[in-house]
Amino acid sequence: MKFSANLGFLWNDRPLPDAIRAAEAAGFDAVECHWPYDIPADAVKAALSETGLPMLGLNTRRGDVSAGDNGLSAIPGREAGARAAIDEAINYAVAIGAANIHVMAGFAAGDEAFQTFIANLKYACDQAAPHGTTILIEPLNKYDAPGYFLTTTDQALAIIKAVGAPNLKLMFDCYHVQLMEGDLTHKIAALLPSIGHIQFASVPDRGAPDHGEINFDHVFEVIRQLDYDAPLGAEYKPGGNTDDTLGWLKHRSAAGL
Ligand SMILES: O=C(O)[C@@H](O)C(=O)CO
Ligand SMILES: [Mg+2]
């Protein structure tokens, strides 16, 4: 199996280009990030070329984080900010060769929010398509992001259907889906055609995938048997030195898994 280091959490104690180098040294096959915008795209691109790792994806900017924003695209009245964030993310992704952009919905509810999200996602998919870029939407759990618009895979599927764009996919984060729905392996199998990227972390503490209520040896084996061979995103909080949390990766690599 191949693994991608999510540098929003792993090695986030250093500048993004150095985190990319650390991920390569640790044996990851790819990297992904959250909000890279403070680092010039050229510096990120140079670290990617130097290491040979692809950057799988990045997120749209969240808005005014100090005021509590966590994305803008489902918030009625915030369309201009949402689309500016989408444009910025596409420009950055194209500059560094990132294949996916996670468009963040934000805190909202109801039909008006649904319609706003659909319209902004149509805009994002139209703008991204000429570059071959995929737009992702990700259900987040109600404990970490109470009030977030998108919380379940059923809701995500309804949104994907309503937008009707071939470059709109589901970010299936095992951590969030386990907390909201469970039944991970049936869900991954059933949703596979709609899945654009898979992420993971232990539940409930969002740590390395070697403890907690999910048996990742089993989940990864099911994913492998489904012939899904894209890198899986390690999006966990190391709670200290990332290099000290990589026993799960070394164990898999030693076992040829
Ligand atoms: O799961 C997450 O939190 C992330 O994948 C993300 O993109 C931002 O919240
Ligand atoms: Mg995630």
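Some ground rules. Residues count from 1 along each chain as its sequence is written, chains are lettered from A, and ligands are numbered from 1 in the order written. The model is predicted, so local features need pLDDT of at least 70 and side-chain atom pairs pLDDT 80 or more, while totals for chains, interfaces and linings use all residues.

An unreviewed UniProt entry places "domain: Xylose isomerase-like TIM barrel" at residues 20-250. Such annotations may be inferred rather than shown by experiment. That stretch is 41% helix and 12% strand. Helices are DSSP runs of H or I, at least four residues; strands are runs of E, at least two.

Next, ligand 1. Around ligand 1 sit H34, N59, H102, E138, L140, D173, H176, Q199 and E235. "Around" means a C-beta atom, placed from the backbone, within 6 Å.

Now helix α1, residues 16-26. L16, A19, I20 and A23 are buried there, meaning 20 or more other C-beta atoms lie within 10 Å of their own. They share one side of α1, because they cover an arc of only 105 degrees around the axis. These buried residues pack against β1, β2 and α2. After α1 comes G27, with a positive phi near 100 degrees.

Last, K2. It lies in the segment before β1. Is K2 buried or exposed? K2 is exposed, with 10 other C-beta atoms within 10 Å; the cut-off is 12 or fewer. Beyond its sequence neighbours within four places, K2 contacts D29, A30, D229 and P231, with C-beta atoms within 7 Å.

Methods. The arc is that of the directions from the helix axis to the C-beta atoms. Two residues are in contact if their C-beta atoms, placed from the backbone, lie within 7 Å.
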